[in-house]
Amino acid sequence: MGRVLKHEILIVILTTIGGLLLGAPSRGAESRMIVTSTVPERGSEYPTGTLRMTYTSAFDAAEDWALFLPGDPRKNTIVYLHGSFSYADQIFTRNDVRAFWLTRIQAGRHPLLSVNLRGTSYMSPAATADLTDLLGYCRNEFGCQRFVLLGGSGGASSAMAYAVLHPDNVHGVIALGMCDIMARLDFARKSDNPLLQKLAQTVFAAYGGTLEEKPELYQARSVLAHVDRLTMPVVLTIGENDSLIPVAEARKIAAAMKGRTNFVYHEIPQGNHDAALWVDIDLDTLQIHKR
């Protein structure tokens, strides 16, 4: 099977009642995501074999892109969800993330799917639909069998939100610094920090409304409202002194998940926001390596 595709590939997905509840427009019996190109990504930051995939969304015909680095399809495919105001290339171009996580992914021969998903949208309805289609594409085209979501900060919030929405598509979650999406956005909009205020405004725009205006969309993505859906292995890390995410809110998730054998909570004493990113987690077992 050729990795560089010279023609458009159509992926047929069924429109389900669940999709309608997530805010997807009705398109009749089926909708289609169109992958318009799959070409080698250029640049010294990208390992040999990295592919850039561009596609037209089945949700609203918007264009977006993702990066795919092949590996052993029998192993966990790592789905990297970038942080706020970043893009799909973050794991390749941000030096500290590249050195820590890309190195581990390559050493373990894991396939890597790094997704753009409408920028800082925190798993909005459009981003949710696109990720579902992308996972299906990687399953069908590259033979990927198991998907582990990996993200820090905004990427961690998106990872947990997607796991709540589509647990059958997710075989594990590594959430590096997050709390429940509703608490996260409420904290951001009330903050004196202009960056957090911008974050809240950006996400609200992606959802088409605030927490009060679109409560069903945010509630559907709430970890605390749907703890029972997180049946896959989940690792949640956070710095004790994180100034961008309330550690008290992360502890609420830990309390709700307490006693579950599939859940690991790791709080870094006196750690800041970025401290949550540098916890050494085995990408096969999703266990924290002991130092």
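**Aromatic rings in a predicted model**

Biologist: Is Phe142 buried or exposed in this structure?
Modeller: Keep in mind that this is a predicted model. Phe142 has a relative accessibility of 15%, and the cut-off for burial is under 20%. Phe142 therefore counts as buried.

Biologist: How many aromatic pairs does a search of the whole structure find?
Modeller: Happy to count them: rings pair if their centres lie within 6.5 Å. With the whole structure searched, the number of aromatic pairs is seven.

Biologist: How are the rings of Phe68 and Phe142 arranged?
Modeller: Their centres are 4.1 Å apart, and the planes meet at 10°. Planes under 30 degrees apart fall in one class, so the Phe68 and Phe142 pair is stacked.

Biologist: How many residues apart are Phe68 and Phe142?
Modeller: Phe68 belongs to strand E4 (residues 63-69), and Phe142 to helix H4 (residues 125-142). This pair links distant parts of the chain, and the separation in residues is 74.

Biologist: What is the relative accessible area of Phe68?
Modeller: Good follow-up! Phe68 is buried, for which the value must be under 20%. Its relative accessible area is 2%.

Biologist: Which residue has its charged end over the ring of Phe85?
Modeller: The charge must be within 6 Å of the ring centre. Here the distance is 4.7 Å, and the residue over Phe85 is Lys198.

Terms used
Residues numbered from 1 in each chain as written. Predicted model: local features only at pLDDT ≥ 70, side-chain atom pairs only at ≥ 80, totals over all residues. Heavy atoms only, no water. Phe/Tyr/Trp six-rings, centres within 6.5 Å; stacked < 30°, edge-to-face > 60°. Helix = DSSP H or I, 4+ residues; strand = E, 2+ residues; numbered from the N terminus. Buried < 20%, exposed > 50% of the residue type's maximum accessible area, 1.4 Å probe, protein only. Lys NZ or Arg CZ within 6 Å of the ring centre and 35° of its normal.
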